[in-house]
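Hi,

Here is the structure I said I would pass on.

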Amino acid sequence: MDKLKCIENFIQKQSDIKVLKDFSYNSEIKGYIEGSITIEIEPFVVLEFEVSINPLYPFQFQNQESINFRNPQLLQYGHIMKDGSICIHTTHSVDLEEKLQYDFNSLRLWIKKYYIQDLEVGERKYEHIMTPLTLFENCYYSLCFNNVQKDFKKGEFGLISVSEVQPGMYDEKTIIRNFYLQSFNNIHAKTLVDVKWNPRIKSLPKNKGIYLYIGDVPAEHGKFTFKKWKQLKPYLNDLFLGILHRWDQTIFNKGEIIPLIIGYRIPNGDLHWEMIILKAGDLPIYGVKNSNKNWTTSMDEEKSIVWGNSHNISYNYFFGRGKLNDKITNGRILLIGIGAVGSMVANTLVRGGCKNLCIVDFDKKYPENICRSEYTLSPLVCSKTEDLREQLYAISPYVEIPVFDIDLKLLLQNTPEKIREFEDIFNSYDFVFDCTTDNDLLYLISQLNLKNNLFSISISNKAAQLVCACEGNRYKFSRTQFNKVLEYDIDDLHDPVGCWSPTFKASYNDIALLVQTALKHINLKLENNKSIGNFVIQTSFEDNLKIELNEF
């Protein structure tokens, strides 16, 4: 059946829908179908919508639904675009009639959830304002910020410091310049407030910008950003405009990019900032001599505002999609050995939201280490600890990572007094991960009186098993498993540079399967407030993948 005929037949079957304008093919855009309807959800709740259907329907167009319901009179309600199109996300179907049912049900749901509920409750769920990126001098701009402990007063302004990091390609031909917000400087109150980031971000070179706290959302209907400076003018008093003009003449170099961030609070109390891009020497302001022959600052009201993107990457937002249990993310963690297993543990802990991770290893990174660990090619040969720290800093802006290039085994074979000192050091951490697979070191660690969680993780050749010793005599448990219980290949090792340096065979995927399963088990135990016993994970790849975890 013709698509247009199918749509007409479907609508005729809907008792709550009436056709205002017959559906027909658009005369200018091939394949587009257009019409208009009214839909009645409750008595006296009848809304009109223009309906347009993309030729791709029922398939999506650029990851968006290819049917559009539009009413520009409803802009004040939630989940609606600036042209009046409501925002819907519906179930996939290639059956035309079934897809129409899904989409019109989504329209009904929108009316109930956003239109009727708003009328009854008098408020709607907060949505961040829609800030379209503006191309300026062939670039887009982006700012990442973090919550700070400071009370901003309406109309307050001052200087900020920002750090520019590596630009990215926003699309195949456009660069996007990226900034971190570093600090606020209220020049009147003479207070400096730092934004907290990891040490690598804080060490970046800093440039000046400007902040203005207006308290209100700089947008129409609370969600569509202003286009012209005249819309922002009510928030810019003469004092701010005058000082902005003075700063343009004194502290910024002509042609310099100036980030201006506009602040307000959202309903949950969080501070949000939108970024406007200014150019020194070309601000939307100018001096005017009044009748008293004094200079005042006026505004080019018709000049367009250049918006950048702003991203609140405060800890709870950054890890909002999922993190590890608070006990481990808030704990102090010592990680010993950062080869294939240890680097994977480190990466997972940091991606899981851990904030304090100390890493220890005396080894160097070589090209042959890269394929099954968390290292990259550059630099090819270097200290493992320094290289991994840089990569972990590139993952999370909230982690502190002290590193030590030492062989703990040499330090632990010392006087009883020295050993007690290391015992105190170990116990200053909440969690210790020993990923060295060094039996000598594990023997020495097992002699210490430890009061924290220590996990000694080892993997057998060809990733047949992972042994995690985490209670009692860890050395004894680990040796018993590898020497007497587990069966695995001990001869077919990898020794590309000579028999003096053999290592176990396993791919990145093999190791990741075991390590991630072990970390998942540990995290679940912490979430459920249960003690963690020694455990062994066994895999089999002979026919289908089999994986089994046994806790002792």
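Let's start with His79, which is partly exposed, with a relative accessible area of 29%. (Buried here means under 20% relative accessible area, exposed means over 50%, and partly exposed is what falls in between, using a 1.4 Å probe and protein chains only.) His79 sits in the loop between strand 4 and helix 2, and its phi is near 55°, a positive value in a residue other than glycine. Helices (H or I, at least four residues) and strands (E, at least two) are DSSP runs, numbered from the N terminus.

Before going further, the ground rules. This is a predicted model, where local features need pLDDT of at least 70 and side-chain atom pairs count only at pLDDT 80 or more, while totals for chains, interfaces and linings use all residues. Residues are numbered from 1 along each chain as its sequence is written, and side-chain values use heavy atoms, with hydrogens and water left out.

Most residues other than glycine have a negative phi, and most peptide bonds are trans. Asn138 is another one to look at: its phi is positive, about 65°, although it is not a glycine. You will find Asn138 in the loop between helix 2 and strand 5 (139–145), and at 63% relative accessibility it counts as exposed.

There are cis peptide bonds to check too. One joins Tyr57 and Pro58, with omega about 15°, and Pro58 is in the loop between strand 3 and strand 4. The bond from Ser378 to Pro379 is also cis, with omega near -10°; Pro379 belongs to the loop between strand 19 and strand 20 (382–383).

Pro55 is in the loop between strand 3 (45–53) and strand 4 as well. It is partly exposed, at a relative accessible area of 35%. Leaving aside residues up to four places away in sequence, Pro55 touches Lys3, Lys30, Gly31 and Tyr32, where contact means heavy atoms within 4.5 Å. Its C-alpha is separated by 35 Å from that of Ser142, which is 87 residues away along the chain.

**Salt bridges**

How many salt bridges does the count come to? The answer is 23, taking a salt bridge as a side-chain nitrogen of Lys or Arg within 4 Å of a carboxyl oxygen of Asp or Glu. A few that I would click on:

- Lys82 pairs with Glu220, with the closest N and O atoms 3.8 Å apart. This pair links distant parts of the chain, 138 residues apart: Lys82 is in the loop between strand 4 (67–70) and helix 2 (96–121), and Glu220 is in strand 10 (residues 219–220). Lys82 is partly exposed, with a relative accessible area of 34%, and Glu220 is partly exposed, also with a value of 34%.
- Lys365 pairs with Asp387, where the closest N and O atoms are 3.2 Å apart. Lys365 lies in strand 19 (residues 364–365) and Asp387 in helix 9 (residues 384–393), so the bridge ties together parts that are 22 residues apart in sequence. Both Lys365 and Asp387 are buried.
- Asp440 meets Lys409 at 3.7 Å, N to O. Asp440 is in helix 12 (residues 439–446) and Lys409 in helix 10 (residues 408–412), 31 residues apart. Asp440 counts as partly exposed at 48% relative accessibility, whereas Lys409 is buried at 17%.
- Glu65, Lys99 and Asp103 are linked in a network of salt bridges.

**Cavity**

The count comes to one cavity of 30 Å³ or more. (On a 1 Å grid over the protein atoms alone, a cavity is a set of points where a 1.4 Å probe fits but cannot get out, and lining residues have an atom within 4 Å of a point. Grid points are joined across faces, edges and corners, and a volume is the space filled by probe spheres set on the points.) The largest cavity has a volume of about 40 Å³. Its lining is Leu324, Ile328, Leu349, Leu519, Ile522, Asn523 and Leu526, and helix 14 (residues 508–527) gives the largest share, four residues.

**Cysteines**

The structure holds zero disulfides, a disulfide being a pair of cysteine sulfur atoms within 2.5 Å. The sulfur of Cys354 is 13 Å from the closest cysteine sulfur, in Cys435, so it is too far for a bond. Cys354 is buried, with a relative accessible area of 2%, while Cys87 is partly exposed at 25%.

Cheers

Definitions and conventions
On a 1 Å grid over the protein atoms alone, a cavity is a set of points where a 1.4 Å probe fits but cannot get out, and a pocket is an open set with protein on both sides within 12 Å along at least five of seven lines; lining residues have an atom within 4 Å of a point.
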